[in-house]
Each structure stands twice: as structure tokens, then as C-alpha cells.
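Dear colleague,

Please find below the structure that I am handing over to you. My notes on it follow.

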Amino acid sequence: MDIQTAQERFAIWLASSRYRPHTRKRYCDTVAELVSFLVESASVSIDLEQITPQHIRSFVASLYQKGNAKRTIATKLSAARRFFRYCQQHQWCRRNPAAAISMPKLDKPLPAVLQQDEVTRALECIDRSTPWGLCLAALVELLYSSGMRISEALSLRCDSIDRATLSVRVIGKGGRQRIVLLGRRALDAIEQYLARRHELAVSPAEQALFVSPRGKPLRQPQAWRAVNALLTGISDAPRRSPHIFRHSFATHLLDRGADLQAVSELLGHASLRATQVYTHVSIERLRAAYQQAHPRAHDEKKQSPRAAHTNPASELPATSNQLSTTRS
């Protein structure tokens, strides 16, 4: 089978798959970019069986030449692997040429985290006199209280929250379901918002919990812009996205002694390895506090207080008169 036909069928399959919309788009865009590269390189239609790891390696090299970041290249290589695995499952090719290419080694910077007082200041800055302000306050309270991903929060319906148990069932990555706990303040903020949600010109049939000022379901780019504007001037984090509240949720729990396994389950991580990054954040915060406060945390040698108050004359050699007095 030629690769263009396989690309079309892959796109049709993705449309009905359980992948999230942004993941489907990323996969489709990557496969389209790969097919375009291969066809331009060969100037003819390419059969799947003709594609070798060298072709994929050349594609990855072209991504580097275009200035793609390592993380972007890793994402695109992952999409290519999924495409060829799909082709293998349908027996259109015998091997996965993308599987032979190593992933770029990624730098793993620690996630940006808000200080607890910064979270408080952000919530206090929201104008709760308007329905949209109440919506934003409810969203931020929910993200920080539960550790939800923004995609999970925006998928909630008005009847999703169990008020009796202060919990909500969400579907996370890979279709994994989990129970997420809420704080009382988050529930109160949601109740205040729901009392005025109808003022956002929302249709009575619309069941999305969070809606935009125009009454349509709130989308991730809109939430991102709102959170970025809210945190500007409060946090100096380079990326002020809604995900920063998820990072802060996990870090603050660990700072206060929460069990790593429990935090992992609350976040919906498939393994503890994904959660352990937050232990590094907590350690770095402890190290910063130690370096700032402990008197012997630094390498530079400082004069001790006792030495600073010693009489300088007592450290001088004895004079001739003193020596003679001593001998007598």
C-alpha cells in the first residue's frame, strides 16, 4: 500500500479513536509532514514496504535543520511510530521503521510551581462581582484543589460533582478513570459561579460546567489566556499556564508530608516515576531555604561573632615592658 492511502485511513481511524482532539491533530499533522517529506525526497508515490529507518532518520534530521526543539521532535517521532504501528496492525508493512530511531535526550527542567501565598494572591485578584470572574475563580479553585489537568476540568458537566463526598470522577490520559477530591473552598466557588452561570448567555441545553463569556463551552486556549493574564505580575514563572496549578497542588501536598503514592493516584499518573519529579521540586525548595537561613550553609568563611568582639590588643605580641614584668 502506498503511504498516502495509509495516511488517509489513519486519519479516519484517529477521528473515531479515544485520543484527545489535540492528540489527534498532532498525529495527523506529523504524519502529513512525514508523508510530504518522503514524497518530495523520492518524487514518486512511496510504498510502505520501501520505507526504511534511514528515511525516518533523514526526516528527523530535517526537523533539526528547521529549528524544532528536542521535545517537539520527540513528539513527532512518537506520532510516526504510532502511524507505522497502525500500518503493521493492518499488515500493510512488516516492520516499523520509526521504532529503530532513538528518541532525543530531553532536558528535564523542574516544573514551575507557585508559592502558596502566590496562589492566595491570584485568587484574591479575581473580580468576583461578574459571572465571568466567578467562572474563572471556580476554575482556578478547582485546578488547585484537585490537581486536575485543564482538559479534565473543561470536560466536566454541571452534574459531574458529587457534593456529598466532595469528589468527581474524571477520565484522564489513556482513558483511565479516577476519583478526584475537592476542597470545601473549591465547591463553594463552584456553587457561587453556578448561581450566576445563566447570566453568561448560556443555552439551557448546554451542560458544560465552564463556559466562556459568550456562553459557549470554555476551550483550553481561552483558559490559558485567562490564567496567564491572572498570574502576570504575581509569578515570574516562564510558562504561566493552567497546568501550573497542578504542579503546585502536587508540590504543596508533598511539602506538607503527603504520601507519594497517594499524590500519584490523585494526579492519575500511571507510575510513580511521573510523580517523583515533584519530590525533586520539594527538595530544591528545602535546599533554597537551607542555603538562605543556615549560618554555615555557604562556603565562604565568615568571622565568628566571638572573634569579631575580641580585643585586638590581646592578639598582639607582648611588649618589652610586659616581658620584663612577667620575668620579675
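The residues of α1 that are buried are Ile 3, Ala 6, Phe 10 and Leu 14. Because they cover an arc of only 75° around the axis, they lie on the same side of α1. Please note that the model is a predicted one. Among the elements that cover these buried residues are α2 (21-42) and α4 (70-89). The face of α1 that is turned away from the buried side carries Glu 8, Ile 12 and Ala 15, which are exposed.

As for its dimensions, α1 spans residues 3-15, 13 residues in total, and reaches 18 Å from its first C-alpha to its last, close to the 18 Å expected at 1.5 Å a residue. At the start of α1, the backbone nitrogen of Gln 4 has a side-chain oxygen of Asp 2 within 3.2 Å.

**Cysteines**

The structure contains zero disulfides. For Cys 87, the nearest cysteine sulfur belongs to Cys 93 and is 5.1 Å away, and Cys 87 is in no disulfide; a pair would count as a disulfide with its sulfur atoms within 2.5 Å. Cys 87 is buried, with a relative accessible area of 0%.

**The hairpin of β2 and β3**

Strand β2 (residues 167-171) runs antiparallel to β3, and five bridges join the two. In one of these pairings, Val 170 of β2 has Arg 178 in β3 as its bridge partner. The two strands form a hairpin with five residues between them, and Gly 174 in the turn has a positive phi of about 70°. Strand β3 (residues 177-181) has Arg 178 and Val 180 on its covered face, whereas Gln 177, Ile 179 and Leu 181 are on the uncovered one.

Yours sincerely

Conventions. Residues numbered from 1 in each chain as written. Predicted model: local features only at pLDDT ≥ 70, side-chain atom pairs only at ≥ 80, totals over all residues. Heavy atoms only, no water. Helix = DSSP H or I, 4+ residues; strand = E, 2+ residues; numbered from the N terminus. Expected span 1.5 Å × (residues − 1). Buried < 20%, exposed > 50% of the residue type's maximum accessible area, 1.4 Å probe, protein only. Arc of directions from axis to C-beta. Contact = heavy atoms within 4.5 Å. Polar contact = N/O pair within 3.5 Å; in protein donor to acceptor, adjacent residues only side chain to side chain. Pairing = 2+ DSSP bridges.
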